[in-house]
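Okay, thanks everyone. I'd like to walk you through one model today, so let me put it up on the screen.

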Amino acid sequence: MAAIDRVQIEYERLKMLFLSVEQSKSELVDNLINEAAFMKVQLESLQHQIRKYGAVQISKKGAQRQTEAAKYYTKLVNSYGTVIKTLNSIMGKNIIDEDDEFDKFIGRMS
């Protein structure tokens, strides 16, 4: 499957998670959702390269260094984590926490 198709599938999957979020917020984060989808597909591709060729190159003199795929993967996974964390916090602000049994217990104790 082409990368652009995989990005679209991931975008639609993430977008479904935001169905319960008010429309203005959903529209606001639409680009962020698209970026997250793109990054996930890129991470999968990089991960495939790293599994196939390794994350470390060894020179003829025996020196070791990280491959370009591994360097980019490390940077991208951090960015992806930040984007997902941001999306999660936006989605989480829309959820109304109902009192669970622990909250009821604490309420009775005070």
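Quick term before we start: when I say buried, I mean a residue with under 20% relative accessible area. By that cut-off, 23% of the 110 residues of the protein chain count as buried. And keep in mind that this is a predicted model.

So, the layout. The protein chain has five helices and two strands. Reading from the N terminus, the order is α-α-α-β-β-α-α. If you take the contacts with a separation of 6 or more, 59% of them are between residues 24 or more positions apart.

Let's look at helix 3.

Just after helix 3 you get glycine 54, with a positive phi of about 95°. Is isoleucine 58 buried or exposed? It counts as exposed, because its relative accessibility is 59%. Setting aside neighbours within four places in sequence, isoleucine 58 is in contact with Ala63 and Gln64.

Now helix 4, residues 68–92. Same check on length: 25 residues should give 36 Å, and the end C-alpha atoms are 36 Å apart, so this one agrees too. The buried residues here are Ala69, Ala70, Leu76, Tyr80, Val83, Leu87, Ile90 and Met91. The elements covering them include helix 1, helix 2, helix 3 and strand 2.

That brings me to how helix 3 and helix 4 sit together. Their axes are 9 Å apart, and they pack at an angle of about 150°. Anything over 145 counts as roughly antiparallel, and therefore that's what we call helix 3 and helix 4. The crossing is left-handed.

Who's actually touching whom? On the helix 3 side the contact includes Leu32, Ile33, Ala36, Leu43 and Ile50, and on the helix 4 side it includes Tyr73, Leu76, Tyr80, Val83 and Leu87. Overall, the residues of that contact divide into 17 nonpolar, five polar and one charged. For the charged one, look for Lys40 in helix 3.

That's my tour, happy to take questions.

Note on methods. Residues numbered from 1 in each chain as written. Predicted model: local features only at pLDDT ≥ 70, side-chain atom pairs only at ≥ 80, totals over all residues. Heavy atoms only, no water. Helix = DSSP H or I, 4+ residues; strand = E, 2+ residues; numbered from the N terminus. Expected span 1.5 Å × (residues − 1). Buried < 20%, exposed > 50% of the residue type's maximum accessible area, 1.4 Å probe, protein only. Contact = heavy atoms within 4.5 Å. Axes fitted to C-alpha atoms, helices over the stretch in contact; angles between N-to-C directions. Parallel < 35°, antiparallel > 145°, perpendicular 65-115°, else oblique. Left-handed = near helix turned anticlockwise from the far one by under 90°.
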